[in-house]
Amino acid sequence: MTEPIDEYAIQQVKEFDGKKLKCCSKEGLEIEETEEEKKQFEEEKASYEGLCKLIKEVLGDKIEKCLVSNRITDSPCILVTGE
């Protein structure tokens, strides 16, 4: 679903085949993880805290916040809209 109208159409559908549809380009997407994966992510998140602060300082008001996420694996960053 890559067309601009798709976001509006899906907002009306809300559910398909018993599963709730959720926009992956918005903030708050949760991915199922094991306890070990959650622990590893928290360690990585803590190690990048300084970098996130620096990015926010450099970009200032151009961004709302800078966070570490596990949603992407092949790209250094992603821009998302608020929930």
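Modeller: Let's start with the ground rules, then go through the pockets, the side-chain pairs and the backbone.

This is a predicted model, so local features need pLDDT of at least 70, side-chain atom pairs count only at pLDDT 80 or more, and totals for chains, interfaces and linings use all residues. Residues are numbered from 1 along each chain as its sequence is written, and side-chain values use heavy atoms, leaving out hydrogens and water.

Now the pockets. A pocket is an open set of points on a 1 Å grid over the protein atoms alone, where a 1.4 Å probe fits and protein lies on both sides within 12 Å along at least five of seven lines; lining residues have an atom within 4 Å of a point. The volume is the space filled by probe spheres set on those points, which are joined across faces, edges and corners. The largest pocket holds about 1,300 Å³ of space. It is lined by 36 residues, and Cys66, Leu67, Val68, Ser69 and Ile78 are the closest to its centre. Two elements, α2 and α3, each give two or more residues to that lining, and α2 gives the most, with five. (Helices are DSSP runs of H or I with at least four residues, strands are E runs of at least two, and both are numbered from the N terminus.) Sorted by class, the lining has 18 nonpolar, seven polar and 11 charged residues. Here Ala, Val, Leu, Ile, Met, Phe, Trp, Tyr, Cys and Pro count as nonpolar, Asp, Glu, Lys and Arg as charged, and the others, Gly among them, as polar.

The second largest pocket comes in at about 540 Å³. Its lining has 17 residues, with Ile10, Leu21, Lys22, Cys23 and Lys26 closest to the centre. Helix α1 (residues 4–13) supplies the largest share, four residues. By class, the lining splits into five nonpolar, three polar and nine charged.

On to the charged pairs. Side chains of opposite charge can pair when their charged atoms come close. A salt bridge here needs a side-chain nitrogen of Lys or Arg within 4 Å of a carboxyl oxygen of Asp or Glu, and by that rule there are two. In one of them, Lys38 meets Glu35 at 3.9 Å, N to O. Both sit in helix α2 (residues 35–47), and because they are three residues apart, about one helical turn separates them. Lys38 is partly exposed at 38% relative accessibility, while Glu35 is exposed at 63%. (Buried is under 20%, exposed is over 50%, and partly exposed is in between, with a 1.4 Å probe and protein chains only.)

The other bridge joins Lys53 and Glu49 at 3.6 Å, N to O. These two are in helix α3 (residues 49–59), four residues apart, again about one turn. Glu49 is partly exposed at 44%.

Lys14 isn't a glycine, yet its phi is positive, about 65°. It sits in the loop between α1 and β1 (15–16) and is exposed at 54%. Asp17 is likewise not a glycine, and has a positive phi near 55°. Its place is the loop between β1 and β2 (19–20), and Asp17 is exposed at 67%.
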